[in-house]
Amino acid sequence: MSLKSLALIDNWPVPTAAAGVVRADGTVLGTHGPAAQRFRLASVTKPLAAYAVLVAYEEGAVELDEPAGPTGSTVRHLLAHTSGLAFDEHKVTAPPGERRLYSNAGFEQLGDHVAKATDIPFGEYLRQAVLEPLGMTSTTLEGSPAKDGVSTVEDLLRFAAEVQAPRLLDPRTVASAMTVHCPGTKGVLPGYGHQNPNDWGLGFEIRDSKSPHWTGSSSSPRTFGHFGQSGTFLWIDPDAGAACVALADRAFGPWATEAWPAFTDAVLAEL
């Protein structure tokens with residue numbers, strides 16, 4: 001089976017795009033475009049980084065509710081974007097747990113926290129804990145755990161299969177990462193404006209009833225994942241029993257808000 005809907009990326013106004021869909025059992029239902037080409041992930045780096053943090057938690061290196069980041073904040077707050085840190089600055093703009101302030105700075109502090117706890121640079125910890133065991137040999141993180149990952153569709157399909165049927169983590173830990181933390185918290189979803197509530201799990205954004213949104217109108221409320229400002233996304237829809245990755249080399253903008261939901265709806269219809 002090869003999904004015809006994936007060919008819709010050929011209509012995107014981008015120099016290069018690649019996409020793929022994978023089931024929970026690791027069956028790749030199809031790819032389109034250069035699936036082995038490396039693309040800058042931007043914020044699609046965050047779910048990878050979060051997964052490594054959860055490995056550190058299961059290994060006993062960190063606790064989710066131990067202090068990390070600003071005063072009063074925890075590892076959990078940093079993962080769920082409720083630490084109160086600003087978007088791209090290491091300054092506090094709200095008390096922990098009060099608002100969903102999407103924060104690159106928070107993920108950078110998270111990376112520093114795990115690096116100190118494990119005595120391993122975070123990029124190397126990610127490689128050892130997640131990338132190597134999953135065979136993600138074309139994926140690297142040199143720089144910020146918030147946005148500096150580089151990967152391929154092939155590698156991210158391996159990751160998406162893992163998240164759907166975890167082997168590196170206890171499935172209960174992953175179920176918790178897909179569950180809303182600090183429910184009822186409102187905030188801005190970058191590129192899509194104020195959302196109330198702006199639901200988020202641990203490193204994964206949760207669709208719920210958000211509108212507008214980068215997934216499809218037929219995406220289930222349980223859909224979770226992330227998109228990146230470099231024109232990238234990864235969603236996992238538990239109700240559809242599948243995950244989709246799309247990578248492009250044009251910055252997120254109106255083209256993406258128009259193209260992505262229709263693409264996702266076409267993929268879901270074909271599933």
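Ala24 lies in the loop between S1 and S2. Helices (H or I, at least four residues) and strands (E, at least two) are DSSP runs, numbered from the N terminus. The model is a predicted one: local features need pLDDT of at least 70, side-chain atom pairs count only at pLDDT 80 or more, and totals for chains, interfaces and linings use all residues. Residue numbers start from 1 along each chain as its sequence is written, and side-chain values use heavy atoms, with hydrogens and water left out.

Ala24 is partly exposed, at a relative accessible area of 30%. Here buried means under 20% relative accessible area, exposed means over 50%, and partly exposed is in between (1.4 Å probe, protein chains only). Leaving aside neighbours within four places in sequence, Ala24 is in contact with Ala161, Gln164, Ala165 and Gly241. Contact means heavy atoms within 4.5 Å. The C-alpha atoms of Ala24 and Asn196 are separated by 31 Å, with the two residues 172 apart along the chain.

S1 and S2 are antiparallel and joined by four bridges. Two strands are said to pair if DSSP finds at least two bridges between them. Val22 stands opposite Val28 of S2.

Both strands belong to an open sheet of six strands, ordered S2-S1-S11-S10-S9-S8, with antiparallel pairing. Strand S2 (28-32) and strand S8 (205-206) are the edge strands, and each pairs on one side only. S8 and S9 run antiparallel and are joined by two bridges. Glu205 has Gly225 in S9 as its bridge partner. Helix H5 (residues 153-164) packs on the sheet. H5 touches S1, S2, S9, S10 and S11, and its direction makes about 25 degrees with that of S1. H7 also packs on the sheet, touching S1, S9, S10 and S11. The direction of H7 makes about 35 degrees with that of S10. Axes are lines fitted to C-alpha atoms, for helices over the stretch in contact, and angles run from 0 to 180 degrees between N-to-C directions.

Helix H7 spans residues 254-270 and has 17 residues. From its first C-alpha to its last, H7 reaches 25 Å, close to the 24 Å expected at 1.5 Å a residue. The expected span is 1.5 Å times one less than the number of residues. The buried residues of H7 are Trp255, Ala256, Ala259, Trp260, Pro261, Phe263, Thr264, Asp265, Val267 and Leu268. Their cover includes strand S1 (17-23), strand S9 (224-228), strand S10 (232-237) and strand S11 (242-248).

Trp12, Tyr192, Trp214, Phe227, Phe233, Phe252, Trp255, Trp260 and Phe263 form one aromatic cluster. A search of the whole structure finds 16 aromatic pairs. The rings of Phe252 and Trp260 have centres 5.6 Å apart and planes at 45 degrees, so this pair is tilted. Rings of Phe, Tyr and Trp (its six-membered ring) pair if their centres lie within 6.5 Å; planes under 30 degrees apart count as stacked, over 60 as edge-to-face and the rest as tilted. Phe252 is buried, with a relative accessible area of 13%. Trp260 is buried as well, at 0% relative accessibility.

A further ring carries a charge contact of another kind. The charged end of Lys46 sits over the ring of Phe107, 6.0 Å from its centre. The criterion is NZ of Lys or CZ of Arg within 6 Å of the ring centre and within 35 degrees of the ring normal.

Three strands form an open sheet in the order S3-S5-S4, with antiparallel pairing. The edge strands are strand S3 (39-42) and strand S4 (140-141), each pairing on one side only. S4 pairs with strand S5 (residues 149-151) in the antiparallel sense over two bridges. Leu141 stands opposite Gly149 in S5.

Two residues in other helices complete the account. Thr173 is located in helix H6 (residues 171-177). Thr173 is buried, at a relative accessible area of 11%. Not counting residues up to four places away in sequence, Thr173 touches Leu54, Tyr57 and Glu58. Gly123 is located in helix H4 (residues 122-131). Gly123 counts as partly exposed, at 24% relative accessibility. The C-alpha atoms of Gly123 and Gly111 are separated by 8.4 Å, and the residues are 12 apart along the chain.
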